[in-house]
Amino acid sequence: MAAEGNAKPAKKLNLKENYALLTRGLGWEPSYEKKEDIFRNVDFEGVVIHDWDKWEDPFRLTMDAYWKYQGEKERKLYAIVDAFQQHNGQFNVTDARYVQALKVFINGITELEYDSHRGFNMLAREFPGVGPRIAAQMQSLDELRHATTQIHTISQYAKYFTGMNEFPYQFDRVWYLSIPKSFFEDAVTSGPFEFIVAISFAFEYVLTNLAFMPWMSGAAFNGDMATVSFGFSAQSDEARHMTLGIEVIKFLLEQDPANVPLVQKWIDKWFWRGYRLLSLLATMMDYMLPKRVMAWNEAWEIYYEQNGGALFADLARYGIKPPKRAPETIAEKGHVAHQMWSVFYANRDAVGFQMWLPSDEEMAWMSEKYPDTFDQYYRPRYEYWKAQEAAGTPFKNSTLPQLCQVCQWPCLFTESGDPTTLSLRESEYQGQTFHMCSDGCKDIFDDTPEKYVHAWLPVHQIYQGNCFLPGVDPTAPDFNPMVEALRYMGIKPGVDNGDFKGSADATNWEKWTSRPANIHEGAYTDAVRDTASTADVTARKAG
Amino acid sequence: MATTSTQPVFIALQANNDTLPIIDAIRQDNPNAIVHDYPAMVKIDCPGRLVIRRETVEEHLGRDFDLREIQINMISIAGNVDESDDEFVLEWKTH
């Protein structure tokens, strides 16, 4: 044996060799269990896979590098979160209306990260290929990290503002939070291939850019250093997840031609479901950011029409077409944010955040951004409601809206090409009639009615009396069904809901910051310093 | 390998001091790249193909650079990815 000093150092492996050894090199063939007993869910969807080794992570990320870079991301993020908390960063955002958007985020989006963690855990267990299993395992850990960092970050806001302290409870009970909840539960109760096409491709690759890039950039523009930091820290993982999405699609399409129609069906379905879910971001971007980076229709043009167009041009070589209902999303882009805000405003007593009508400045911005739709269809509605508020007879819905059996949004959308007619669809199944908001949702219902007839629709359940806390007596003389349903949902009437003006959040904001709670309307209370006289005092002091 | 596609690929990076040399390297190696500045974020579009070369980043950075470090500051990408020790490539393969 040669002396140690004479031994040549081992050749450093390149990235591809290293990846091969630390993924496929870690796999093994089972000897005492049959493969089909180990991977029990991989066949029933009808997907044909000939060679799992053809799947490769283009980042060639191995577990050792993963921990190294994730550790660095965490250190960067928590340094910022610490600084934010120590310096009362929650008071440095544009105004207290911005905080209402964070309520939607923590209550409606953070739980999806946790659901995603669970979903990818299952994939990491169920896929026979080593490459995708490792990628799914990393993603599962990423998603848990996202949920954790969002909860840590927003907890600072929850110490000062209403409506953020009951998020896991509310996610399972609040009527409009069944929209995100049902989306993810639909995906996670599918087979492993439908789940990964739904989440990694249709949702993450095709759609999440347009939510998180302009939204998080908007958070930065409004001074929220905490949210933009967790947002971009999460997005740095998302870029990897998106790559998993496109690689999975290419892998399925290249493995067998029989997979093409299945993949197309899942793209059509999950593009539509994902679009409906993310339309929530349309109203958050256009109405809840006091300072705006871009409008929803501009984001849709950049991130779906241009970038999604390039993607589907690339996939055409496999015989894949753009999503069936993409034309509807383009037709709706000038309407969807306004229609949603209107429904939330009208139902503001039944939501867990506070609402306002857009200011004159904001309506001027919308007229400019939506020249074909805003002045004609939505400005008159807001001006009418403003007059109603001024007259002391503000408009409110006293009943809850009809929900779509598939996406669970209220049926609030209009017909493509006719924004004055509500879009309503129905299907019969086993002698019962089910209602949908659109052709996209009706396609999905009609393909698998036996799945969607089980949907737990909150409005139906409330009206059937299934959403009251124990001990509530509906026959009592002072029984108020609305108040009792809100209590069941974890929404405190008069605190978490209703009008922004006069709310605890708006009043406290002015008391604690001496700045207006709504930068466009001026001070609601006399806690706001008169900036003119402050300037005089400063000038006098300066001599 | 050259692509014939002119469909846009993109990479979006956090706007911070770590990414300035990377953005400079991208500009140098991709003359057709268009850099859009947004609050906290830079989005770089390029027709067909965009390459980040390790050597060019190292020239701008003044130290060794592992291309996987991009992961720390990357926000999003569009295009098929191919990563080796020397290049990180985004591209579309067809028109």
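This is a predicted model: local features need pLDDT of at least 70, side-chain atom pairs count only at pLDDT 80 or more; totals for chains, interfaces and linings use all residues.
I began with the contacts inside chain B.

**Entry 1: the build of chain B**

I looked up the elements next. Chain B has three helices and seven strands. I read their order from the N terminus as β-α-β-β-β-α-α-β-β-β. Then I checked the radius of gyration of chain B. It is 12 Å, close to the 12 Å that the globule rule gives for 95 residues, so chain B is as compact as a globular protein of that length. I also looked up the box that its C-alpha atoms fill. Along the principal axes, that box is roughly 35 × 30 × 20 Å. Of the 95 residues of chain B, 44% count as buried.

**Entry 2: where chain B meets chain A**

I turned to the two chains together. Here 28 residues of chain B are in contact with 33 residues of chain A. Which elements of chain B give two or more residues to this side? I found strand E1 (8-14), helix H3 (70-73), strand E5 (74-78) and strand E6 (80-83) of chain B. E5(B) gives the most, with five residues. I sorted the residues on this side of chain B by class. They divide into 14 nonpolar, nine polar and five charged.

**Entry 3: two helices of chain A**

I picked helix H4 (residues 96-108) and helix H6 (residues 130-158), both of chain A. Two packed helices are described by the angle between their axes and the distance between the axes. I looked up both values. The axes of H4(A) and H6(A) come within 11 Å and cross at roughly 145°. H4(A) passes H6(A) in a left-handed crossing. From H4(A), the contact uses A:Val99, A:Leu102 and A:Ile106. From H6(A), it uses A:Gln150, A:Ile154 and A:Tyr157.

**Entry 4: the domains of chain A**

I looked up how chain A is divided. It has domain 1 (60-489) and domain 2 (504-542). Their C-alpha centres lie 35 Å apart. The contact takes 14 residues from domain 1 of chain A and 12 residues from domain 2 of chain A. On the domain 1 side, H4 and helix H15 (360-369) of chain A each supply at least two residues. By class, the domain 1 side has six nonpolar, four polar and four charged residues.

Methods:
Residues are numbered from 1 along each chain as its sequence is written. Chains are lettered from A and ligands numbered from 1 in the order in which they are written. Two residues are in contact if their C-beta atoms, placed from the backbone, lie within 7 Å. Helices (H or I, at least four residues) and strands (E, at least two) are DSSP runs, numbered from the N terminus. Ala, Val, Leu, Ile, Met, Phe, Trp, Tyr, Cys and Pro count as nonpolar, Asp, Glu, Lys and Arg as charged, and the others, Gly among them, as polar. Axes are lines fitted to C-alpha atoms, for helices over the stretch in contact, and angles run from 0 to 180 degrees between N-to-C directions. A crossing is left-handed if the near helix is turned anticlockwise from the far one by less than a right angle, and right-handed if clockwise. The radius of gyration is taken over C-alpha atoms; the globule rule is 2.2 Å times the number of residues to the power 0.38. A residue is buried if 20 or more other C-beta atoms lie within 10 Å of its own, exposed if 12 or fewer, and partly exposed in between; C-beta atoms are placed from the backbone. Domain bounds come from an automatic or database domain assignment.
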